[in-house]
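Here is a short briefing to keep beside you as you look through this structure. Take it topic by topic, with the viewer open.

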Amino acid sequence: MAAFPGGGGGSSGVSWPRSPPGSALASALGWEALPGLQIRSRSVEQTLVPLVAQITTLINHKDKPKRSDKTLKSIQQVGQAVNLAVGRFVMVGEAIASENQELKEEMNVACIEAKQAGETIAQLTDVATFDHPESDGQITIFTDKTGVVKAARLLLSSVTKVLVLADRIVIKQIITSRNKVLVTMEQLEKVSSFQEFVQIFSQFGNEMVEFAHLTGDRQNDLKDEKKKAKMAAARAVLEKCTMMLLTASKTCLRHPDCESARINKGAVFHRMRVSLGQVIEIVTDSRPSGENEPGPVSIYAGIKEFKNKVEGLRENLYLLSKENLRAMLRVVLEHTEDFTDSAYTSHENRERILELSKQAKMELEQLVSAWMYAQSQKKKDITEDLEIAILKMSQCINELQRELHSAATSVAAELIKYHSDHLVLKALKICGAEGNIEAVAEHSCKLSEQKEQLIELCHLLRHVSGTEPLEITCLHAENTFYVTGPQIISAAETLTLHPSSKIAKENLDVFCEAWESQLSDMSLLLREISDVFEGRRGEKRAYLSLPRPGKHNANLKALKPVRLDSEEQAKLGKLGLELHKLTSRVDSEMEKWDDPEHEIVRHGQGLSSMAYSMYLFTRGEGLLKTTQDLFQQAEAFAAEGLKFTSALLTFSNQLEDDDKPLLLQEIDKMVPAYQQLQVTAKTLVQGKTATFTKVDTCIHKAKCILDIVAHVLPLSCKLLRKHKAGTSYLRAHRPWRENGLHVKEGSGLVGRTDPFGIKSLEQHVANLTFLENKPF
């Protein structure tokens, strides 16, 4: 059975903001008129964002009634392009509706509304509908601006309905797939012959492949990183348990009277059902009644909240009470007892943690004293004494956090290294094959001790994980050791009772491999936690999972994810290092920008982060585990690059004509490079050599693109700074009329000078019909 694709943390159920991108659009269109929208996935949100941008540009202009003839024609092209894009979108919606009868009526109504709204916008921006009484070449536009706003609101509403309905179809597909798996699992549990088992397991395997694809797409598409991590954990369990179910069931069939074999098999089925239920809870954003309690609190979360409250006193002296602040610190310090009470914490770490805990209490009392004095003086602004107290409190709590991180990671590194030889597992296999009951019992006790050590390790790492997704990963690892330990012991007992049984030996091997795999994952988890603590964060990839016309699993077995071997990693070493140097260079250039939230910088950061993950892949590290992960990342890299290019185009349209070529020349290089990378990433290949060549090509193209980005960033920054210094490099913000559209006659709005991104909207909508399946 091949591996589940994807991995990494998130969540559905995040509401689309009441103010979508562009506050002007929110007020102009009355976004509040579209209540109750739940945008749970990135694919829905990212398909809406370009449309929101186009409509914003179309209606967000100064109410100056005069427009030049050239500008008017450009406006007409905008309206027509929006209408064409909506037309393509409606075709996709109608195709989806034809394949989903239960939502066909709702989908068709929404499609009709979207089509009508698009046509209305095209009509209201049509040059032929305007009179031309003026003799100076100036004519009136938007005489019925209310109608344009109304049509735009209807368009956004109907398009959103189509997308949300499509999202519901995805969820229904996952639920239906899960139900099929459950039915087949029940049949598997009851089989009594090998022939029947083989037949049903074959069906079960196909159903699990389909479920893996659907949930893999959904996991990567979720907006909330916490629920994405939960989905990854549940799917990881299903991946490993699928093979466990096979060998445990075969062992039980071969030895039907063996109690340990029945226990082993029952535990696998139970764990799979629990994980299947967790997946459904995530995709439907629901939990069974009585399970609404918050999960265990980690120290990193407690410290983060405490620091935010302390630093918030600078803005509001009456933010909270001193009792609340004391209670928050008390909770944090109570959690530090998990470290000071641990047998694995060094004496030095323990003493330092106790010392810092005591100091934190003292600093808090100093803070409270200065805080209460400021309140007694009816101060509205922070006093100097209070500022000093806040700084000292923050410094102390930071040192405590650093000490806890050091204690947890040092313990983790030592335990992982100590257990990496897997001597206990090897001994269990040997003793089981010899039928040595006493030796198996002895080594089972040792494995139980090792299990408890690793569970405590996961518990300490969870406290210092630094992000909610990593915290969930720690909880998953903890649960895996807790469950897999007893499963290995029962499998070893079965082999001891039947030492000549090949299937019993194979069954023990499978469970031991799951343990070894989880211990190996702990090394990666430890590095990721350290990266977060040191300020190095992995990328957050964006994928699409909306349904497309055609059978969803038509090409499930076309691709197989594989890992690079050491020889292939060595070949990519130099290219990976070059990519790493470029990411450092790009990061350095972005640090020079005065506005870190500038759109160009944000997309540049996305490109740098994704490129860094590709570099880690060449070393066998990071979040990208398989070649298919890399190819998906390459697609996401190209998509982010197109957004970067769009931001540059918008920027260039504010420049004087003499300055534009400086940027447009670089943009001309970037667009085809992104398109080539997309084509390469989507091209299907077979065989090890072809796959490696594709990996090498994707990384090489990403390196070339990043090299261009490294040239563009300082140029853009220079132009922006000269504007702020009072030069004429960048025009001040002007009304829409004066900005102009800079579209050549007859060129339409699909060229490089398109400031509205209509092409990107059409491309994004068209992509809904070309979503690739992820490999199992």
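Setting aside its neighbours within four places in sequence, Leu 564 is in contact with Gln 569, Leu 572, Phe 617, Thr 627 and Phe 692. Please keep in mind that this is a predicted model.

**Around Leu 564**
- Leu 564 sits in the loop that joins α17 (502–533) and α18 (566–590).
- Leu 564 and Val 695 are 131 residues apart along the chain, and 9.6 Å separates their C-alpha atoms.

**Helix α19**
- Helix α19 covers residues 599–618, which makes 20 residues.
- From first C-alpha to last, α19 reaches 29 Å, close to the 28 Å expected at 1.5 Å a residue.
- Because 15 of its 20 residues are buried, α19 is largely enclosed by the rest of the structure.
- Gly 620 follows α19 and has a positive phi, near 75 degrees.

- His 422 is in the loop between α13 (384–419) and α14 (423–434).
- The phi of His 422 is near 55 degrees, a positive value in a residue other than glycine.
- Not counting residues up to four places away in sequence, Gln 453 touches Tyr 344, Leu 415 and His 419.

**Salt bridges**
- The count of salt bridges comes to 25.
- One of them pairs Glu 106 with Arg 168, with the closest N and O atoms 3.8 Å apart.
- That pair links distant parts of the chain, 62 residues apart: Glu 106 is in helix α4 (residues 104–124) and Arg 168 in helix α5 (residues 145–190).
- Glu 106 is partly exposed at 41% relative accessibility, and Arg 168 is partly exposed at 40%.
- Asp 285 forms a salt bridge with Lys 227, the closest N and O atoms being 2.0 Å apart.
- Asp 285 lies in the loop between α8 (259–284) and α9 (299–312) and Lys 227 in helix α7 (residues 225–254), so this pair ties together parts 58 residues apart in sequence.
- Asp 285 is partly exposed at 32%, whereas Lys 227 is buried at 18%.
- Arg 352, Glu 355 and Glu 399 are joined in a network of salt bridges.

Terms used. Residues are numbered from 1 along each chain as its sequence is written. This is a predicted model: local features need pLDDT of at least 70, side-chain atom pairs count only at pLDDT 80 or more; totals for chains, interfaces and linings use all residues. Side-chain values use heavy atoms; hydrogens and water are left out. Helices (H or I, at least four residues) and strands (E, at least two) are DSSP runs, numbered from the N terminus. Contact means heavy atoms within 4.5 Å. The expected span of a helix is 1.5 Å times one less than its number of residues. Buried means under 20% relative accessible area, exposed over 50%, partly exposed in between (1.4 Å probe, protein chains only). A salt bridge is a side-chain nitrogen of Lys or Arg within 4 Å of a carboxyl oxygen of Asp or Glu.
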